Amino acid sequence: MPTILIIEQILNGLQFGIMLFLMAAGLTLIFGVMGLINLAHGSLYMIGAFAAATVAGLTGSFVLALIAAMAAAAIAGVLVEMLVIRRLYSTNHLDQVLATFALILIFSEGTRLIFGSFPLFLNIPDYFSGPVTLLGGIEYPLYRLVLIFVGLAVAGALGLLINGTRIGIQIRAGKNDREMIAALGVDISKLYTLVFALGAALAGLSGALVGAIQSVQVGMGEPVLILAFVVIVIGGIGSIKGALIGALLVGLTDTLGGVFLPEIFKLFMEPNAAQTSGSALASMAIYILMGFVLIWRPTGLFGTRL
Amino acid sequence: MTDPILATHNLHKSFAALKATDDVSINLYPGEIHAIIGPNGAGKSTLISQICGELKPNSGRIELLGQDVTLANTLARAKAGIGRTFQISALAMEDTVLQNVMLGAIGACGSPWRFFKPILSDTRLRNIAIEALVRVGLQSQMSTLTSELSHGQRRQLEVAVALTLKPKAFIMDEPMAGLGAEGSKVLTKFLDNLRGEAPILLVEHDMNAVFALADRISVLVYGKIIETGTVATIRSSKAVREAYLGDGE
Amino acid sequence: MIRERNLNALVLILLFTVPIWAFFNDQPFTITLATRAVIFALAAVGLNICLGLGGLVSFGHAVFFGIGGYAMGILAHHAQTYTPLMEAPFLIEGTKSMPVIWLVAMITSAFAALFIGMLSLRTAGVYFIMITLAFGQMLYFFSISWTSYGGEDGLSIYVRNEFPGINTLVPVNFFIICFVILCLVVALNAFIKKSPFGLALNSARQVPQRVLTVGLNPTHLKLVAFVISGVITGLAGALFADLNRFVSPTMFSWQTSGEIMIFIILGGVARLCGPIIGAVTFVMLEHFLGGISDFWHIYLGILLLVIVLFAPGGLVGLITGRGISHD
């Protein structure tokens, strides 16, 4: 197998993983701080993508599109938090799952109502399009490389925010002891809304960034949502570090599995059967990975709460 | 002297630097009530958890009827005859009193794998359950929802569930907590008669009850047993006095 | 306010008489709708055993629904193409016989539930929800990529399968078969609820540590509940595939798992007939709202939201005036 292909696929896996991280970070923060499972997180991703496609179509500016994506998702997030989610913090997980499932239905159909069923297109801006030559003569799409860097930058900023700022201290305290931070005079309800908005903005951002390489359509959020759940379960619910490592693991496993498993199967099977069973196994690989992680550590790699 | 029903030998358990259980050896002999007292944070709950199998000791042994059960889990120890009541009532609040005791009866009969026969028409289970309820005086509350019981009645129900199991040894974690004077008096009288059936390891804060009931008392301070003896011995012990007064109680 | 028992009887009677009325008035589509509702109800009654009694929030019951569907699809596919399912080491042929298909669907679901349950019950809470969801997705993607049985396109069956002595091609006959199965399973559920197992399971949901101290293993109780639950949902899957004469990976999708949960919540958790009322309501909404607007899922979403936020006892709770709380 040529090295170039392997490196290319590793980069693809990283790019996929880092975009999953943007989704997973919000989910895991929201769960860690508020104890809430938010299925509607995928809808915020979709809202980001639609906002970006609309603004890019109107203004032609990709940067404005990204800002619009984050703003739209954050606003939707705040609205949802204040109207619905807030009532769910003290209820059980079943209610949370169902209420946020209901939100998915409302958001998806609402978006279909406004934009129709046909996909929108969001183009990669000219200055990021085309391939770039890496060390060793590998040609790789510039935009995907940009995604990796943007994702890493966000991860870094998030790390700084959590570990180095006053808000971060409050968020970390909120994970451990709600009464404590209330006693310290922090307005807990404002903090929750803020965390929710932050998570929503990240989801919106990744929706817009990924929307430029895939199509922007209703239902785009749910597959990513489920992968993001796999990520946070592997990483340990509530842990940002776990989300990053889980996201990269899932991204790499999925991408590399899809390419290499059929090849590996061809070593000892006839090509047709190898292709079928190889890709069948690859499509399940991340779930198998998750199964093994949970058997080994029932609360994920960096999780403590059951 | 006869063999103990339950014994711990040189039990140690620490959490990081904290020695929660430090070389604890206690015996529970047939027919006795052995009380464990000690100031808050002395390690009483940790000790109970190890005896019931929720925590594994770092070293030492636990024996039940001469069998080493140190490595057995909670389930195995319950089956081997440890009957436990919880400090904070662990009862199915959505269910009736009778249903809660029935659970004990199912456990006593060993098998929950019957799917068709309505439990309320199973006379064997029902008899076990009702007998236990009659003994603690809750039979009139049989169909009351557990969530509607008073605090004291829940304590009685806790004891009733343990009774159904006909255990070899009772482990009771603060059964008097929150009972009030009248309730304590009733329960004290009840436990007094119960010891003939199976010995009781009693963790309790209510000193009146302890002094009225205990055949022997062990005083636990900072994870260590500083004194074991009869009520008279403990009352006159200098070490105990210091430990308690030193802690400001 | 009506008592729950009377409500249960009323629901079953209505569910039975409407299609019979439709039969005499030549309204086959109503019969199909009713059959659809009955099968959804069956799947939900299955889920309710582990969700309502055992407190296990399984977000992966589509696994069993799909397994049942594919058991029917694969067996009938081989029967209609006259190809054996397997030749070595021994010959297995396809079949068009419903009872055989049901048996295969139930046994396969049982093994799947045992396997998934053993792994998933190592975890609890959110992790349990997520891992069951992941198993569902796993089978979903597997069914898409496994092209021997249609892959993404699914499998079509030309003629409905046979039941000895009954002409299943007549819609009302197939409805009656499904309805009888539903009644049997509801009765089974009612028995289980009152049995020693049901009581122990109910306690394992509320106070697992107490169940341990009376010498019973709460994990085993929950595992058995999960298996029973999976078997019933698997049977529902086989019937659903037979109703549509079609199976596809959609049966494995997480939306399917979500919908089965919705039936329960609409009706009321841990109610005997909650899932039935929920499924009937769902099918009626789907039919009537779907007829008015392409966007009927919005209304379903709003209704669901209102019920979760303001009527935690579901429709049964509203009608009987008694809410029930679960943790």
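Reader: At what angle do the axes of helix α1 and helix α6 of chain C cross?
Author: In this predicted model, the axes of α1 (residues 4-24) and α6 (residues 171-194) of chain C cross at roughly 175 degrees and come within 11 Å. Angles over 145 degrees count as roughly antiparallel, so α1(C) is roughly antiparallel to α6(C).

Reader: Which residues make the contact?
Author: From α1(C) they are C:Leu12, C:Leu15, C:Phe16, C:Pro19, C:Ile20 and C:Phe23. On the α6(C) side they are C:Val172, C:Phe175, C:Ile176, C:Phe179 and C:Leu182.

Reader: Turning to the interface, what area is buried between chain A and chain C?
Author: About 4,000 Å² is buried between the two chains, and carbon and sulfur atoms give 85% of that area. The contact takes 46 residues from chain A and 44 residues from chain C.

Reader: How many salt bridges and polar contacts are there across it?
Author: The rule finds 0 salt bridges between chain A and chain C. There are 3 residue pairs in polar contact, with both residues at pLDDT 80 or more.

Reader: Which elements of chain A give two or more residues to that side?
Author: They are α4 (93-115), α9 (221-235) and α11 (271-296) of chain A. The largest share comes from α4(A), with 16 residues.

Reader: What is the makeup of that side by class?
Author: The side of chain A that touches chain C has 29 nonpolar, 11 polar and 6 charged residues.

Conventions:
Residues numbered from 1 in each chain as written. Chains lettered and ligands numbered in written order. Predicted model: local features only at pLDDT ≥ 70, side-chain atom pairs only at ≥ 80, totals over all residues. Heavy atoms only, no water. Axes fitted to C-alpha atoms, helices over the stretch in contact; angles between N-to-C directions. Helix = DSSP H or I, 4+ residues; strand = E, 2+ residues; numbered from the N terminus. Parallel < 35°, antiparallel > 145°, perpendicular 65-115°, else oblique. Contact = heavy atoms within 4.5 Å. Buried area = accessible area lost by both parts, 1.4 Å probe. Salt bridge = Lys/Arg side-chain N within 4 Å of Asp/Glu carboxyl O. Polar contact = N/O pair within 3.5 Å; in protein donor to acceptor, adjacent residues only side chain to side chain. Nonpolar A, V, L, I, M, F, W, Y, C, P; charged D, E, K, R; others polar.
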